[in-house]
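Please have the model open beside you as you read.

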Amino acid sequence: MKPDGSADAKSFREVYTIPGALVDNYREDGRVVFTVPIAPEETRSHPGGAVAYAVRTRASMKTCLS
């Protein structure tokens with residue numbers, strides 16, 4: 001975390017990758033929905049802490065409208 005409380009981009013790490021061929025498995029109402037499970041021990045070790053996520057996609061509008 002930065003002194004102002006915002007997430008430091010250098011602290012992010014890749015956690016999950018959804019292969020393009022499987023994206024349709026996660027579509028709901030025109031959006032891709034993916035629930036990230038957080039292990040109970042992670043929340044216990046940082047009670048009241050914040051979690052920040054960065055999402056990166058390579059999808060084009062053409063792909064999204066297919």
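Asp29 has a relative accessible area of 82%, so Asp29 is exposed (buried means under 20% relative accessible area, exposed over 50%, partly exposed in between, with a 1.4 Å probe and protein chains only). Asp29 sits in the loop between strand 1 and strand 2, where strands (E, at least two residues) and helices (H or I, at least four) are DSSP runs numbered from the N terminus. The phi of Asp29 is near 50 degrees, a positive value in a residue other than glycine. Most residues other than glycine have a negative phi.

## Model and confidence

This is a predicted model, in which local features need pLDDT of at least 70 and side-chain atom pairs count only at pLDDT 80 or more, while totals for chains, interfaces and linings use all residues. Residues are numbered from 1 along each chain as its sequence is written, and side-chain values use heavy atoms, with hydrogens and water left out.

The mean pLDDT (the predictor's confidence in each residue, from 0 to 100) of the chain is 78, and 86% of its residues reach 70 or more. Confidence is highest in strand 1, at a mean of 91, and lowest in helix 2 (residues 61-64), at 55.

## Aromatic rings

The whole structure holds two aromatic pairs (rings of Phe, Tyr and Trp, its six-membered ring, with centres within 6.5 Å; planes under 30 degrees apart are stacked, over 60 edge-to-face and the rest tilted). Tyr16 and Phe34 make an edge-to-face pair, 5.1 Å centre to centre with 65 degrees between the planes. This pair links distant parts of the chain, 18 residues apart: Tyr16 is in the segment before strand 1, and Phe34 is in the loop between strand 2 and helix 1.

Tyr26 and Phe34 also pair edge-to-face, because their ring centres are 5.4 Å apart and their planes lie at 70 degrees. Together, Tyr16, Tyr26 and Phe34 form one aromatic cluster. Partly exposed describes Tyr16 at 42%, Phe34 at 31% and Tyr26 at 28% relative accessibility.

## A salt bridge

How many salt bridges are there? The count comes to one, with a salt bridge taken as a side-chain nitrogen of Lys or Arg within 4 Å of a carboxyl oxygen of Asp or Glu. Asp24 forms a salt bridge with Arg27, and their closest N and O atoms are 2.6 Å apart. Asp24 is exposed at 55% relative accessibility, whereas Arg27 is partly exposed at 30%.
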